[in-house]
Amino acid sequence: MQALDPRTAFSSRAVMNASAPSADETRQAQITDLAREVAAEFSETTYAPGIVRGLIQFSDFIFLSILGIISWSLMGGAVLAGMEMPILLSIAGALLFMLFTQSVDGYSVHDMSSLSPQIGRIIGAWTMVIVLFLLVCYLSETPIVDNRSWLGLWFVLGIVVITIVRAIESFLIHHWQADGRLERRAVIVGGGTPAAEIITTLEAQENNDIRICGIFDDRDDDRSPPIVAGYPKLGNVDDLVEFSRLCKIDMLIVTIPVSAEKRVLQMLHKLWILPLDIHLSAHMNKMQFRRRTYSYVGNLPTVPVFAKPIANWGGLLKRVFDIFVASLSIILFSPILIATAIAIKLDSDGPIIFRQKRLGFNNEEVMVFKFRSLYHNQSDQAAKKSVTRNDSRVTRVGRIIRKTSIDELPQLFNVLFGTLSLVGPRPHVVAQQTNNRLFEEVADGYMARHKVKPGITGWAQIHGWRGEIDDDEKLKQRVQHDIYYIENWSLALDLYILIATPFKLFNQDGAY
């Protein structure tokens, strides 16, 4: 069979244009009690091994660099290979230690639950660093005696401190492994013999960190057994969408043959809205793919179709960026926040802050804060009627703060609480409608907006798609811009959107 690149065949656009589920299929699935029990078991958040490993490496770098500076300050030293600054020498030593430790697989998270094997690696790697420094002294004709004291102190302090730090890290990792915090949780889509083969393959591999959470299959029990390799079938694909919102899973492994393209597309149309890695199993598919197409889940060959957006280090960096910028913005805008609060209180009766439930990450409900811009007795929690031009429900102060987007500033506190991000798709009210139709019925791919945390501003907003939604095209444009942002996210893009926001949104048409 001719080589196929499924990243083209199963693109986001192809999935969006696949046969859409009916309104009945898009309603919230009523999953079984067993599925809810299993979901509750996996409701705790896991820690990405890559981030844990990176933090351990970072701690080694910081501690060894600081210890080098302290040792130099206490004992003194001579110029070494033209470097006079103890900071440069300390950084070089810390980086070399990380390199030597990595070369002997000393940063394998799953091997760090026990301290004893690591002590030898720590002593060996750190000894090589000091020996290398002494060799540089010799080759550069720097008297070794002039550097012996500080290198000796650095050597002893390095072994003692890194061993203590690693003991703490080993305790934490052992605890997290026991609690299932360092596992990768997977759901099998499709049952029968293919699912059994995948489960056997994953469970047979050494140091397996894949945890099978269950099986979902659209076929009935006659065609797909209710128990496969000891794991229960928890429901169909529609049930899986609801299941994934109740627990923390990392990936879906699809056993349906890629050759059944129509069936796969229809299924992915339902699943691609989830913030998960989605893999097509190549374990039993007799298909010829380009070598660069394959990925591996443990030892299992798969074809990656969709990747979880803003994951691992990207998610951590975005969160740090959000906290820093939101905190700084609250300080800078505090005069405006205080003045607006006073103006609202003097202008009309009612609370200063308007609280409203909206859909957040993974379609979960979150409470969003805004400055109240409508008369309190005419507030619209369900957003059944959009605010229009010259709307009588809007207060005098409300017209100003809505036009300038000042009413959104309290959402900076949402960012600090973690329910919103600075940049992302704008959160909509639960079951919001336009022309008596639910948003998800109007725009294909609408639910995919919830693959990332919603934001105060976004790609759609700076392109003019904000304010009243009075026709289908406005909603479709918002969704298309939101999906573009999700698929092309970077910190640079977030920064660009934040810088562009005040210029694009101030006094923009469509905000009443």
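Reply: In this predicted model, the hairpin of β9 and β10 has five residues between its strands, and N362 takes a positive phi near 55° there. The two strands, residues 353-359 and 365-371, pair in the antiparallel sense over seven bridges. One of the partners is K370 in β10, which bridges to F354.

Now the cores. The largest nonpolar core has 43 residues; F243, L252 and L271 touch the most other members. Leaving out residues up to four places away in sequence, F243 touches I31, A35, V38, A39, V187, F216 and L234. A second, separate core holds 29 residues, among them V368, I330, I456 and W489.

Next, the charges. The structure holds 15 salt bridges. One of them joins the side chains of R181 and E44 at 3.0 Å, N to O. R181 sits in the loop between α8 and β1 and E44 in the loop between α4 and α5, so this pair ties together parts 137 residues apart in sequence. R181 is buried at 18% relative accessibility. E44 is partly exposed at 43%.

R211 and E183 also meet in a salt bridge, at 3.3 Å, N to O. R211 lies in strand β2 and E183 in the loop between α8 and β1, 28 residues apart. Here R211 is partly exposed at 31%, while E183 is buried at 13%.

D238 and K270 form another salt bridge, at 3.5 Å, N to O. This one links helix α10, which holds D238, to helix α11, which holds K270. D238 is partly exposed at 21%; K270 is buried at 17%.

Methods
Residues are numbered from 1 along each chain as its sequence is written. This is a predicted model: local features need pLDDT of at least 70, side-chain atom pairs count only at pLDDT 80 or more; totals for chains, interfaces and linings use all residues. Side-chain values use heavy atoms; hydrogens and water are left out. Two strands pair if DSSP finds at least two bridges between them. Helices (H or I, at least four residues) and strands (E, at least two) are DSSP runs, numbered from the N terminus. A nonpolar core is a set of buried Ala, Val, Leu, Ile, Met, Phe, Trp, Tyr and Cys residues joined through side-chain atoms within 4.5 Å. Buried means under 20% relative accessible area, exposed over 50%, partly exposed in between (1.4 Å probe, protein chains only). Contact means heavy atoms within 4.5 Å. A salt bridge is a side-chain nitrogen of Lys or Arg within 4 Å of a carboxyl oxygen of Asp or Glu.
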